[in-house]
Amino acid sequence: MHFSKTVVKYRIGILVLALILAVPAVLGMAGTRINYDMLDYLPEDMDTVIGQNELMEEFGKGAFSFLIMEDMPEKDVAELKRQIEQVEHVETVVWYDTLMDISVPVELLPDKIYREFNTEHSTMMAVFFDSSTSADITMDAIRDIRAICGKQCYVSGMSALVTDLKDLCEKEEPIYVGIAVALACAAMLVLLDSWLVPFVFLASIGIMILLNLGSNLFLGEISYITKALSAVLQLAVTMDYSIFLWHSYNEQREKNNDTKAAMEAAIGETLTSVIGSSVTTVAGFIALCFMSFTMGRDLGIVMAKGVLLGVLGCVTVLPALILVLDKPLQKTRHKALIPDMGKFAQGTVNAFPVFLVIFMLLVAPAYYGYSRTDSEVYYDMGECLPKDMEYVIANSKLKEEFDIASTHMLLVDTNVSPKQIRSMIREMEDVDGVKYILGLESLVGSRLPEEFLPESVTEILKSDKWELMLINSEYKVASDEVNGQINELNHILKKYDKGGMLIGEAPCMKDMIETTDHDFRVVNTVSILAIFVIIALVEKSISLPFILISVIELAIFINLGLPHYLGQSLPFIAPICISTIQLGATVDYAILMTTRYKAERIHGIDRKKAVGTALSASIPSILVSGMGLFAATFGVALYSNIDIISSMCMLMARGAVVSMLSVIFILPALLVLCDGLICATTMGMKGTGKMNKKIMEVTVS
């Protein structure tokens, strides 16, 4: 109560402080780096990550791209190459004239070398950068190269992908927030009892979103997925808390004409309820931190922080705003558009056997579809971009003109003899899908001894510690074929050099597939166990956590199972995050209804009437909360051209609706069915069933 009085007393100071804090928050937002490279989140101890670091350390090479020039005379290509070499952070440009420039007769070069870089209409060159794939300076270099080359040149590679992704995200993200705010506001205008209060909610939540995004500065950087989703998610998830305070304040105001006293009571009541509700949501987000693929930790920390700030804003900034604007808020109140749900609730409870049958019929197909999700996700980040993006066009050209779908890099110890390396290359070139291997041993041989090659050329492919080779593959990144190919190449490599490393986009993607497959199981288990414990403690029951989680898990199975039946593929990160977010964010609906059901039963109401009363009282809150989450995410899902953002928002929107329907129709049926078990296994409810029986007998007699 002391906290409530302090908030009411210093309401103006709280608003002033919030506005002052918004200034450094904006600066913090601007200063937080955004990471667009998913491969950056792989565990540091993986060979592919170690290999990338070795490539940078030993060769000064980080990012790698292919450039394709169409219908360009060789002299123009040579001039273009010279200009690209002058671009800041371009470390090496490799074209077949890299060897010709040193007066090696072209007839001494293997025919494959020329064919590797030239087709009838196109020529290709490889560009190495002295900076990492997603570094800002690498993206600047990509833009400079595109500016130099013009429309006849196409730039492929991960750095081109993250450059296009960054440009598209920066263009779309402000629109995401605008859409989420507009649609969430529309939902509140329809479902709440005041025309002004939605805007007050948005002002309060907006300040907390700003503080959350600004405080990300202390994390150093966040992923683009976190940046794109965090504001929308925080708005959707924490809207409930504002609605609860508003309803509580109006109830107290009817009992007490003193607005300050009414708000003090409302803050105390809200704080108790909201803390219990927010703990499950925070637990869901914290579960993401257990992913070894650390993008989950990135999203989990930012969203958990956002929920906590949302709770803080709900009991500080929002009460201050409501008190300051009390008169206009009361003048713009109107009759709630949600009708009395008493008859609907009792009818739903009376038909509980029907919903039990529906529940049992849904479980098997929903779980089957859900279990197929893992096998139908995609990992190739290029697939999340629109088809008209420069990177996507460049990759298509590379495949069409040179039959190259992916490129691996091989690091082999310099102590391995040239004879063994040539033998290894021959074995590797026999692996299905390997088009060609470019290395010193593929350049030199009986016709061209290594001594003929000057230092400027050997430095490109050899250091004191490693020899570098490029393996061009016909197989697409993240495909089953390329993953099988990588296994075979690694098997051959380890025969000749146990410490050798196969690196590049496709090997990294293979590691990501294996890592996230493990993470999916871990995150699900952690979130379910954490929320199980929280519900058990909140409800003081052994049976209720099983019932509540089973209802929300069915909703998750339906939500994530539908893409299988609809023939849709999802980005790999979506199922991992959505299962946890949906559980954490919507289990509150079930807790809300169950808490009221318990209170009714403890007061001696019979099971059906208790469930009916709980359902009737809970439906308005569940509808407002569920439709708020749906509205905030559905519009973004329809608008976004980035499939990862679009898919995740669509899953969240659908998940909110499915969870809402499951709680309204399935949970009451399970509460009626399991009433005896609940009474026997819940603290404070033991003997409730017997007591009701005695009351009935007394009433009848």
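Predicted model: local features only at pLDDT ≥ 70, side-chain atom pairs only at ≥ 80, totals over all residues.

User: Where does Asp 164 lie, and what does Asp 164 touch?

Analyst: Asp 164 belongs to helix H8, residues 158-191. Leaving out residues up to four places away in sequence, Asp 164 touches Arg 146, Leu 385, Met 389, Glu 390 and Tyr 391.

User: Let's switch to sheets. What is the strand order in the one with E8?

Analyst: That is an open sheet of 4 strands, in the order E9-E10-E8-E11, with antiparallel pairing. Strand E9 (434-438) and strand E11 (501-504) each have a single partner strand, so one side of each is left without a neighbour in the sheet. Neighbouring strands here are turned by 25° against each other on average, direction ignored.

User: How many bridges pair E8 with E10?

Analyst: Strand E8 (residues 406-413) and strand E10 (residues 466-473) pair over 8 bridges, in the antiparallel sense. Thr 407, for instance, stands opposite Asn 472 in E10.

User: Which helix packs on that sheet?

Analyst: Helix H3, residues 47-59, does, touching E8, E10 and E11. The direction of H3 makes about 85° with that of E11.

User: New topic: helix H10. Where is the kink in H10 centred?

Analyst: The kink, about 35°, is centred on Ser 230. Helix H10 covers residues 224-255, and its end C-alpha atoms are 48 Å apart, which agrees with the 46 Å that its 32 residues should span.

User: How many residues of H10 are buried?

Analyst: 25 of the 32 are buried, so H10 is largely enclosed by the rest of the structure.

User: Last one: which residues of the largest nonpolar core touch the most other members?

Analyst: Of the 243 residues in that core, those are Met 38, Leu 67, Ile 84, Ile 145, Tyr 224, Phe 293 and Ile 573. Helix H26 (residues 643-673) gives the largest share of this core, 17 residues. As for Ile 84, its contacts include Leu 67, Met 125 and Ile 145.

How values were computed. Residues numbered from 1 in each chain as written. Heavy atoms only, no water. Pairing = 2+ DSSP bridges. Helix = DSSP H or I, 4+ residues; strand = E, 2+ residues; numbered from the N terminus. Axes fitted to C-alpha atoms, helices over the stretch in contact; angles between N-to-C directions. Contact = heavy atoms within 4.5 Å. Expected span 1.5 Å × (residues − 1). Bend = angle between axes of the 7 residues up to and from the residue. Buried < 20%, exposed > 50% of the residue type's maximum accessible area, 1.4 Å probe, protein only. Core = buried A, V, L, I, M, F, W, Y, C linked by side-chain atoms within 4.5 Å.
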